[in-house]
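Please read the following report alongside the sequence and the coordinates.

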Amino acid sequence: MSRTKFVAALTMTTALGVGAASAADLAMRPYTKAPAYVESIYNWAGFYIGGNVGGSSTNQEWTNTANTTAFGDLSPGQGFRQRGSGVFGGGQVGYNWQANNFVAGLEGTLVGLDNHGSVLNNVFGAGLDDRFSWRADWMVTVTGRAGFAVQNNLFYVKGGYAGVNNHLSVVDNVPPFTGSGAQSNWHNGWTVGAGWEYGITQNWIVGLEYDYASFEKKNYQLAGAATPATYAFDARPVDIQSAVVRLSYKFGPLVAGY
């Protein structure tokens with residue numbers, strides 16, 4: 001082989017080798033994994049404050065335990081039970097802790113209610129002319145909450161202390177025996193409930209809630225100015241049931257979870 005042909009062959013072989021090496025380098029590029037998908041998780045943890053409005057009903061009962069007044073048509077053991085409904089609303093404040101999808105919290109509420117009623121006694125006694133009136137006007141609760149979060153939705157149950165201010169009165173304006181008396185008492189009790197909340201933004205939360213509360217019995221003295229002054233009743237709000245729409249502001253941002 002001539003020297004010229006040898007140089008040409010060597011040049012072609014080198015070029016082919018370089019091309020093959022370049023192709024091999026292209027085929028051996030390292031594999032890069034696609035970035036993981038990051039899903040936003042609503043953070044329920046933190047303080048919140050808000051208001052609620054809805055309706056409620058009170059089941060009220062009162063039973064005469066002693067009557068030595070010149071008025072009053074009920075004898076011991078006689079009494080009434082009546083249910084009254086009205087507007088219910090107030091405020092709530094609380095704090096939530098969150099671990100993955102599980103949420104626990106403490107909450108306090110203060111609400112006003114307009115549940116009241118009256119009964120004209122036309123069943124018991126001789127005169128059948130006593131008018132009994134009652135009202136439950138404001139209530140507080142201190143409860144624990146436990147819930148399960150699904151993104152912006154929180155489904156929860158709650159339970160704890162409830163207390164309500166209750167008023168009972170009687171008026172008899174029909175001679176020969178007339179008189180009137182009234183008393184208010186604070187009744188301690190308990191409450192349970194359940195609800196659903198939805199985080200519409202990072203801070204604003206709306207929800208629906210139902211609660212049931214039951215209260216202790218207290219003694220009321222309704223003799224007023226009568227002498228001797230004994231016209232006593234055992235009375236209580238047997239239960240208060242409420243359903244409300246809630247709006248709360250939460251002091252906490254959305255965070256990303258992996």
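The report below describes the fold and then turns to single residues.

## Basis and overall make-up

This is a predicted model, in which local features need pLDDT of at least 70 and side-chain atom pairs count only at pLDDT 80 or more, while totals for chains, interfaces and linings use all residues. Residues are numbered from 1 along each chain as its sequence is written, and side-chain values use heavy atoms, with hydrogens and water left out.

The chain contains one helix and 11 strands, where helices (H or I, at least four residues) and strands (E, at least two) are DSSP runs numbered from the N terminus. Read from the N terminus on, the order of elements is α-β-β-β-β-β-β-β-β-β-β-β. Of the 258 residues, 37% count as buried; buried stands for under 20% relative accessible area, exposed for over 50%, and partly exposed for values in between, with a 1.4 Å probe and protein chains only. The chain exposes about 13900 Å², and carbon and sulfur atoms supply 64% of that area, as computed by the Shrake-Rupley method with a 1.4 Å probe, where for residues only the protein chains shown count as cover. Among contacts (heavy atoms within 4.5 Å) between residues at least 6 apart in sequence, 71% join residues at least 24 apart.

## Strand pairing

Two strands are taken to pair if DSSP finds at least two bridges between them.

| Strand pair | Residues | Bridges |
|---|---|---|
| β3 and β4 | 79-99 and 102-120 | 12 bridges |
| β6 and β7 | 153-172 and 179-199 | 20 bridges |

β4 also pairs in the antiparallel sense with β5 (residues 131-150), over 17 bridges, and β7 pairs likewise with β8 (residues 204-215), over 11 bridges. Glutamate 197 in β7 stands opposite leucine 154, and the bridge partner of glutamate 197 in β8 is glycine 207.

A nonpolar core is a set of buried Ala, Val, Leu, Ile, Met, Phe, Trp, Tyr and Cys residues joined through side-chain atoms within 4.5 Å. The largest such core has 16 residues, of which Trp62, Phe132, Leu168, Leu222, Tyr231 and Phe233 touch the most other members. The elements that give two or more residues to this core are β5, β6 and β10 (231-250), and β10 gives the most, with three residues. Apart from it lies another core, of 11 residues, among them Ala136, Met139, Ile240 and Val244.

Isoleucine 240 lies in strand β10 and is buried, with a relative accessible area of 1%. When residues up to four places away in sequence are not counted, isoleucine 240 touches residues including Leu113, Ala136, Met139, Val164, Asp211 and Phe215. The C-alpha atoms of isoleucine 240 and aspartate 211, 29 residues apart along the chain, are separated by 8.1 Å.

## Enclosed space

The structure holds one cavity of 30 Å³ or more. On a 1 Å grid over the protein atoms alone, a cavity is a set of points where a 1.4 Å probe fits but cannot get out, and lining residues have an atom within 4 Å of a point. Grid points are joined across faces, edges and corners, and a volume is the space filled by probe spheres set on the points. The largest cavity has a volume of about 160 Å³; of the 17 residues that line it, Phe88, Thr109, Glu209, Asp211 and Ser242 are the closest to its centre. The elements that give two or more residues to this lining are β3, β4, β5, β8 and β10.

## Backbone geometry

Most residues other than glycine have a negative phi, and most peptide bonds are trans. Asparagine 100, in the two-residue turn of the hairpin formed by β3 and β4, has a positive phi of about 55 degrees, and this asparagine 100 is exposed, with a relative accessible area of 68%. Glutamine 151 has a positive phi of about 55 degrees although it is not a glycine; glutamine 151 lies in the loop between β5 and β6 and counts as partly exposed at 33% relative accessibility. A cis peptide bond, with omega about 10 degrees, joins proline 175 and proline 176, and proline 176 lies in the loop between β6 and β7.

Technical notes. 1 Å grid on protein atoms, 1.4 Å probe; cavity = no way out; pocket = protein on both sides within 12 Å on 5 of 7 lines; lining within 4 Å.
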